[in-house]
Each structure stands twice: as C-alpha cells, then as structure tokens.
Amino acid sequence: MNKPLIWAHRGASGYAPENTLPAFALAAEMKADGVELDVQLTKDGEVIVCHDERIDRTSNGHGSIGSLTLAELKKFDFCNRMYAYEGTRIPTMREVFELLEPTGLTINIELKTGIVFYKDLEEKTVRLTHEFNMQDRVIYSSFNHYSILKIKEIDPDALTGFLYSDGTYDMPGYAAAHHVTALHPSVYNLQYPHYMEDCVAHGIDVNVWTANSKADLLYCRDKGVHAIITNYPAKAIELLGKE
Ligand code: G3P
Ligand code: MG
C-alpha cells in the first residue's frame, strides 16, 4: 500500500500556533516528513513566515505585513490564543531554515503573492534556500503561477508546484506544459476525471491540502498521492504509518 509523505500544514498547526517555530519543531518531533509554510515580505524587505496579509487574526497586533518592519512585527505575540505558547514571535524564513536544516525535513514554501505582489520575494526566498544549501529539500508553491515561473527562471532546477482550487480543465496537462514538479490540489479536487492517472502519465507529483479528518486522510492515501499536507501530522502518521 502506498504510504504518502506527511507534511505539517503551517507546521503542526493543530497542536501549536500556525507558522511559528514551536509548530515547526513539533512537526519534526512528530516525525513528519516535511512542513508547509507561507512567506511574505516585511516593510524592510525581510522574508517572513505568516499566512494572512494582515497580522490581526494570528497575533495581538494589527496591520499589514507589508506596512510593518521586522522589528515592529517581532514585538507582537503570535500565540494565536494557544496560551501555552504565549510570547511566541513571528519567525523569519532564515530562522525556520536554521531550525529545520539539521532535521532533514522537506520545506514546502508557499509564496503568498495572490493579493500583494511583493517585489523580489521570489529572489530573496531562493537566495536563502541556496545559502542553506537546501535546494533538494525545498519545494516552492503558489496560487500565483507567475511567481512559480519566476522561481524557475531564477533557479531552473528548483522543485515547484502549482497550487489551485476548483474547476480548471486539464490541470495535469497544464502542469506538464510548464514543467513543474507537482500539483497542489485541495482534497476535493482529486475527484476530477482520471486526475491521478493523468498526473502519473505526465510524471507530476500530487501534494494535496488540507486533509485533517480520518476519512480525508484515508481517501488521499487510497488515491495514491505523493504527499498529504495536514494540520495533524501525529494523527496522520498514526493512521497511515510511515515508510
Ligand atoms: O499550501 C497548501 C495550503 O496552505 C494552501 O492554502 O490558504 O492554507 O495557504 P492556505
Ligand atoms: Mg499555505
């Protein structure tokens, strides 16, 4: 039986505050194969890890990432109402590389360029990956496929995935035409006709998000996906096992 890789969505975000160092450390402790995280740029041009364009939902601060400097962002608490983690700060991408480099985990870096088109986010992120010599362990994804093609221009050997949701016709053919490594569909997008067969035929990996329930985890495993992105890596590993 196929055993998919387990990637912790925003770190082990079912158990620790999303997109923080404790959530990434926990993913490693739980023996996940990788983590998924989201990157944006601060006002002073630092690559920072955060899902939303604003910090209001996940911290005790207010405002948009792009209007705050790194020093300003570091003042806020990102425990996101998980009070056991009070005092947790927003991590830079550099801090995540420092934490995960020794662990062997894969990092799926999602470029959040859907709303704000951050200048040079792609260049800065690739530069960091190369500085840590992690090219083989980083896969870039984005809903903004221009960002992914830019990554490929900067580093033609980079591992890449198109994120998408809903309805586009022949995504496997589109992915193959643009020579990306993978597609990153939502769970319900696995239902499209002969989707998995077409991905296999084109040599495209399928890394699916976000499977949290037992039923979804088993469904993705049975479909034969390459990786499952989940908030609950411990639960997924217990249910599906590990290579
Ligand atoms: O990369 C998978 C998933 O994270 C995409 O959606 O909104 O959770 O970043 P979102
Ligand atoms: Mg994401």
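A: Let us begin with the metal site. Along the chain, the donors of the magnesium ion (ligand 2) follow the spacing E-x1-D-x71-E. Donors are N, O and S atoms within 2.8 Å of the metal (3.2 Å for Na, K and Ca), and water is not among the atoms, so sites may look incomplete. This is a predicted model, in which local features need pLDDT of at least 70 and side-chain atom pairs count only at pLDDT 80 or more, while totals for chains, interfaces and linings use all residues. Residues are numbered from 1 along each chain as its sequence is written, chains are lettered from A and ligands numbered from 1 in the order in which they are written, and side-chain values use heavy atoms, with hydrogens and water left out.

Q: Which residues are the protein donors of the magnesium ion (ligand 2)?

A: The protein donors are Glu36 (OE), Asp38 (OD) and Glu110 (OE), lying 1.9 to 2.2 Å from the ion. Asp38 in strand β2 (residues 34-41) and Glu110 in strand β4 (residues 106-111) link distant parts of the chain, 72 residues apart. Strands (E, at least two residues) and helices (H or I, at least four) are DSSP runs, numbered from the N terminus.

Q: Are Asp38 and Glu110 buried or exposed?

A: Buried means under 20% relative accessible area, exposed over 50%, and partly exposed in between (1.4 Å probe, protein chains only). Both Asp38 and Glu110 are buried.

Q: Which residues are around ligand 1?

A: A residue is near a molecule if one of its heavy atoms lies within 4 Å of it. The residues around ligand 1 are His9, Arg10, Glu36, Asp38, His51, Glu110, Lys112, Phe143, Leu163 and Trp209. By class, this shell has three nonpolar, two polar and five charged residues. Here Ala, Val, Leu, Ile, Met, Phe, Trp, Tyr, Cys and Pro count as nonpolar, Asp, Glu, Lys and Arg as charged, and the others, Gly among them, as polar.

Q: Which polar side-chain atom lies 2.8 Å from an oxygen atom of ligand 1?

A: That atom belongs to Lys112. An N or O atom in the side chain of Arg10 is 2.7 Å from an oxygen atom of ligand 1, and for the side chain of Glu36 the distance is 2.7 Å.

Q: Where does His9 lie?

A: His9 lies in strand β1 and counts as buried, at 10% relative accessibility. A polar contact is a pair of N or O atoms within 3.5 Å; within protein, one must be able to donate a hydrogen and the other to accept it, and residues adjacent in sequence count only if both atoms are side-chain atoms. The side chain of His9 makes such a contact with the side chain of Asn231 (2.8 Å).

Q: How many aromatic pairs does the structure hold?

A: Rings of Phe, Tyr and Trp (its six-membered ring) pair if their centres lie within 6.5 Å; planes under 30 degrees apart count as stacked, over 60 as edge-to-face and the rest as tilted. The structure holds four aromatic pairs. In one of them, the rings of Tyr15 and Tyr232 have centres 5.5 Å apart and planes at 85°, so the pair is edge-to-face.

Q: What is the phi of Asn19?

A: Most residues other than glycine have a negative phi. Phi of Asn19 is near 55°, a positive value in a residue other than glycine. Asn19 lies in the loop between β1 and α1 and, at 3% relative accessibility, counts as buried.
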